[in-house]
Amino acid sequence: MTDTGGKRAAEAVEQAMTGAARVLRTGAERDWDAVTAGRLEWSCRTTAEHLARALLGYAGQLAGRGRHMDAYAPCTLVVDDGTDPAGLIGVLETVGALLTAALRTTPPRVRAFHPFPHRSANREGFAAMGVAEVLLHTHDIAEGLGLPYEPPAGLAEFALMRIFPEVRPGPAPWPTLLWATGRAGLPGREPVTDWLWSNNLVLPAGRLTLEGVTPAAAADLATGGDGGFDWVEGGPYEGTREAAAMTLKAYETGVHRPEFGLFVLVRKEDERAVGGMGFHGPPEEDGRTEIGYDLAPSARGNGYATEALRALAAWALARPDVRSLFATVERANVPSQRVVARAGFRPVEVADVEPEGELLAYELRA
């Protein structure tokens, strides 16, 4: 597999920083201490220093290769007293370059600490947060200084599809990102007053890791790509691609809840993806949600589906909004029937599954 994800992530941060520096230099003669940055309470200088610390922190987390999984590395950036706006812009370009270098060299499956919302992020998550920080705080500073600024739509979309998975796409990505972060209104939507970005959920499952699929990865999988994963022979199988298409549709219609979407099963020993597993949607009012899965043919017969199903079922049933899990299996698919049985599911009869039909129904209750 050719690893293009790190290159793509690095180029996004690099493009964002290049555009930001170009705009900010047009206001470098202004007094950044005396001007408030947009709707923030910070001055333009304080905002620029915050942005520099954020980018350096992201680069450090990735460079640490997961050594700091409980908190950020205990260091920070201090800008020398008397540094003028031009010097601040140079600092931003420097830490932006450090982040792009970290993104280019970080392996795909490496994760490091970030608090929101599951206490870790991968390189695409850190890239998306870096892009969002650059775009949004450049907007804040430019607004304070009275400078025009509108980044490329693709950069805003890069952030939205990776760390704003529950935000329904709007008429254009940049206004949508501004709305999603409380910086502007969007026709037909309520104002946003409180927000956090959301990195993908990752769950341990014995010999596997279950990695939540972002809308960006789902879009790639649904259209024949690999979603950023190194697949075993025969993968991803058709069920995973169909589930990715369902995830993308839910995102586009604004009903996606990422923790109840698709997960890719990654084998720990070699970091190769062996299959997909996930939910057909969030739990209904009675607390029931349906679960499904498939494996690449070359990965079958090793117990991977059972390990993954046990782990995902345990995670789901520990939640207060989930009371039962439901699964349907083809009557002729005996190996899959054994998987659900080993995971604790029991046969049930339901109205929409014919007793003598092609499907068998199973349920696991909390």
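Reply: Buried means under 20% relative accessible area, exposed means over 50%, and partly exposed lies in between (1.4 Å probe, protein chains only). This is a predicted model, in which local features need pLDDT of at least 70, side-chain atom pairs count only at pLDDT 80 or more, and totals for chains, interfaces and linings use all residues. Residues are numbered from 1 along each chain as its sequence is written, and side-chain values use heavy atoms, with hydrogens and water left out.

Me: What makes Tyr 72 buried, exposed or partly exposed?

Reply: Its relative accessibility is 31%, and therefore Tyr 72 counts as partly exposed.

Me: What is the geometry of the aromatic pair of Tyr 72 and Phe 113?

Reply: Rings of Phe, Tyr and Trp (its six-membered ring) pair if their centres lie within 6.5 Å; planes under 30 degrees apart count as stacked, over 60 as edge-to-face and the rest as tilted. Tyr 72 and Phe 113 are 5.8 Å apart centre to centre with 90° between the planes, an edge-to-face pair.

Me: What makes the charged end of Arg 288 count as sitting over the ring of Phe 326?

Reply: The criterion is that NZ of Lys or CZ of Arg is within 6 Å of the ring centre and within 35 degrees of the ring normal. The charged end of Arg 288 sits over the Phe 326 ring, 4.3 Å from its centre; that of Arg 300 sits over the ring of Tyr 237, at 4.6 Å from the centre.
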